[in-house]
Amino acid sequence: MIAPDLCLYNGKIVSMDKYGTIKEAVAIKDGKIVQVGSFSEIKNAISDETTVIDLNGKTVLPGFIDAHQHIFQTGYNLMNVNCGKSSIREIVTAIEEAAKEKENENEWIIGWGLNEANIAEKRLPNADDLSHIPNPVYITRFCLHTAVVNDKALSIAGIGDETPDPEGGEILRNSDGSVKGILRETAMDLVKEYLPPYSIDSLKEAVKFASDHYMKNGITHVHEAGLGFLTGTMNELRALVEMSLDGTLGIRMNGMILESYFEEAKQMGLLTGFGNDLFKIGAIKMFADGTLSGQTAAVNQRYTNSENNTGILIYSPEELSEKIVASHKAGFQVAVHGIGDRAIEHILSAYEQALELFPREDHRHRIEHCGIINQEILDRLKKSDIITVPHPGIVHFAGDTYKSVLNENVIKGLYAVKTLLDAGVLVAGSSDSPVIPCSPLIGMYTAMSRESIQGDKIVPQESIPLYDAVKMYTINAAKAAFTESEVGSIEVGKFADLTILPSGFMQYSAEEVKDAEIEMTVINGQVVYQKELKMHNV
Ligand SMILES: [Zn+2]
């Protein structure tokens with residue numbers, strides 16, 4: 001036998017294979033797993049060239065896979081200024097710090113995450129607060145429908161007191177009529193066009209930032225939920241293809257294509273699964289409704305704080321069917337964002353129609369998020385073999401809001417992961433980063449505890465054990481992208497993508513899972529992240 005490059009031993013290798021095998025050592029050669037077993041079995045193959053790591057009892061899991069996230073937005077958020085702070089002073093200080101880092105006064109400072117509900121002054125910052133900043137400043141509110149700008153930005157965009165509100169937008173003004181530096185909806189576009197463009201190089205930089213961040217969180221593989229979503233161009237695909245070819249793509253990726261590019265993709269003969277070891281084309285991605293927090297998710301029973309709001313459908317049921325049937329017929333996997341039960345029912349009807357017209361084995365069509373289910377939805381998911389891709393962490397971050405706008409009987413079906421798993425529906429884990437933090441450990445913690453930020457248990461009967469939660473973020477997520485023969489479990493022949501956690505991890509409580517630290521992340525047999533060793537005073 002040829003000597004392995006890397007051997008990890010004296011650990012708990014939780015393979016996540018179908019037998020639930022647990023071993024103590026794993027050997028890796030040329031980026032792939034060549035042996036899993038006891039150290040005495042593997043020892044014989046080791047040579048001088050083998051790097052041998054004593055795990056000291058640590059837990060080795062298959063590399064975490066995030067089945068639905070937005071890598072470009074996540075990367076830009078990391079590159080830009082986080083303004084989700086609790087006072088105007090803190091926000092201004094963050095912008096001042098960013099200004100110091102800039103090479104010249106013409107470089108834009110871009111911030112994100114404003115939320116006046118969390119700001120002590122209970123208001124957004126404005127141009128006056130930022131008037132001393134020499135660089136142009138553009139900060140978005142968390143909803144992305146409002147932006148705050150400073151005087152320099154206003155003058156670059158040519159916005160003055162006389163500028164009329166554009167159609168569908170508003171330039172907020174002070175009582176004396178002067179512009180305030182707060183822009184709503186289409187008024188944001190007046191400034192947006194002067195922001196630095198999303199060049200391919202800039203997109204690549206965002207991918208690099210996000211990938212490094214993901215690796216620190218134990219993530220080795222992500223599904224991108226919609227190439228074209230951020231820039232409205234296929235530069236996103238171009239950037240990833242180039243990176244996967246020149247060796248700069250550090251993380252494994254599966255890129256869904258936004259439905260608006262379906263015709264082009266079909267014309268070119270692209271198909272789900274085409275690509276290389278690092279990057280593959282994913283599903284055709286489309287949206288059926290909005291979000292529960294925005295009360296735009298299409299629900300059957302009205303939001304309880306409204307007269308008769310039941311959310312919105314992005315497409316009429318007929319249009320949605322047409323799009324789903326066309327993508328299915330062309331041979332693509334299809335992934336549809338569906339959060340409210342009303343939207344999910346329409347998606348299911350469309351899938352049923354597509355499968356009846358053009359039967360296909362192993363289609364693996366997906367419903368992204370799948371926020372609210374009921375018994376009928378459950379039966380139909382099972383019957384058509386639809387994969388669900390929830391982001392359980394949202395129950396932690398937004399569960400309190402959901403409780404205030406949804407009926408008690410509707411809440412029962414909220415991100416009902418246990419019910420789905422018990423029924424035999426494939427559930428893949430995700431974060432929807434940057435909507436919530438990317439950490440799969442937060443997703444697992446919430447799937448186990450169902451605990452909201454306020455400490456409320458949101459439908460605790462939907463709690464699942466840690467093993468099932470890990471499965472969601474490993475082998476199940478791999479299946480959701482047809483990559484289970486390459487990744488998702490620690491088995492001979494698969495890529496050596498591994499996430500290493502402290503010893504005893506599989507016995508951790510939900511709380512301990514949340515606070516656990518990633519010890520090491522391995523992609524293709526290379527250590528891509530390692531926790532810094534704590535310095536001890538001797
Ligand atoms: Zn998303």
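**Ground rules.** I am working from a predicted model, where local features need pLDDT of at least 70, side-chain atom pairs count only at pLDDT 80 or more, and totals for chains, interfaces and linings use all residues. Residues are numbered from 1 along each chain as its sequence is written, and side-chain values use heavy atoms, with hydrogens and water left out.

**Helix 6 against helix 7.** I looked up helix 6 (residues 200-216) and helix 7 (residues 235-246); their axes come within 9 Å and cross at roughly 65°. Axes here are lines fitted to C-alpha atoms, for helices over the stretch in contact, with angles from 0 to 180 degrees between N-to-C directions. Helices (H or I, at least four residues) and strands (E, at least two) are DSSP runs, numbered from the N terminus. Helix 6 and helix 7 are therefore roughly perpendicular to each other. I noted their crossing as right-handed (near helix turned clockwise from the far one; left-handed if anticlockwise by less than a right angle). Helix 6 makes the contact (heavy atoms within 4.5 Å) through I200, L203, K204 and V207, while the helix 7 side includes N235, R238, L240 and M243. By class I get 6 nonpolar, 1 polar and 5 charged residues in this contact. Ala, Val, Leu, Ile, Met, Phe, Trp, Tyr, Cys and Pro count as nonpolar, Asp, Glu, Lys and Arg as charged, and the others, Gly among them, as polar.

**Helix 6 on its own.** I checked the length: at 1.5 Å a residue, its 17 residues should span 24 Å, and the end C-alpha atoms are 25 Å apart, which agrees. The expected span is 1.5 Å times one less than the number of residues. Buried residues (under 20% relative accessible area; exposed is over 50%, partly exposed in between, with a 1.4 Å probe and protein chains only) of helix 6 include L203, V207, A210 and Y214. Among the elements covering them I found strand 8 (64-69), helix 2 (71-79), strand 15 (219-227) and helix 7. G218 follows helix 6 and has a positive phi, near 80°.

H221 is in strand 15 and buried, at a relative accessible area of 3%. Beyond its neighbours within four places in sequence, H221 contacts F64, I65 and D66, among others including T483 and V487. H223 also sits in strand 15 and is buried too, at 0%. Not counting residues up to four places away, H223 touches residues including D66, H68, N254 and R366. I also checked H223 against H145: they are 78 residues apart along the chain, with C-alpha atoms separated by 26 Å.

**Helix 9 against helix 10.** Helix 9 (residues 317-329) and helix 10 (residues 341-357) pack at about 45°, axes 9 Å apart. That makes helix 9 oblique to helix 10. Their crossing is right-handed. P317, L320, S321, I324, V325 and H328 in helix 9 meet residues of helix 10 including H346, Y351 and L357. I count 10 nonpolar, 4 polar and no charged residues by class.

**C438.** I found C438 in the loop between helix 14 (417-422) and helix 15 (440-449). At 3% relative accessibility, C438 counts as buried. Leaving aside neighbours within four places, its contacts include D66, H213 and Y214.

Technical notes. Angles under 35 degrees count as roughly parallel, over 145 as roughly antiparallel, 65 to 115 as roughly perpendicular and the rest as oblique.
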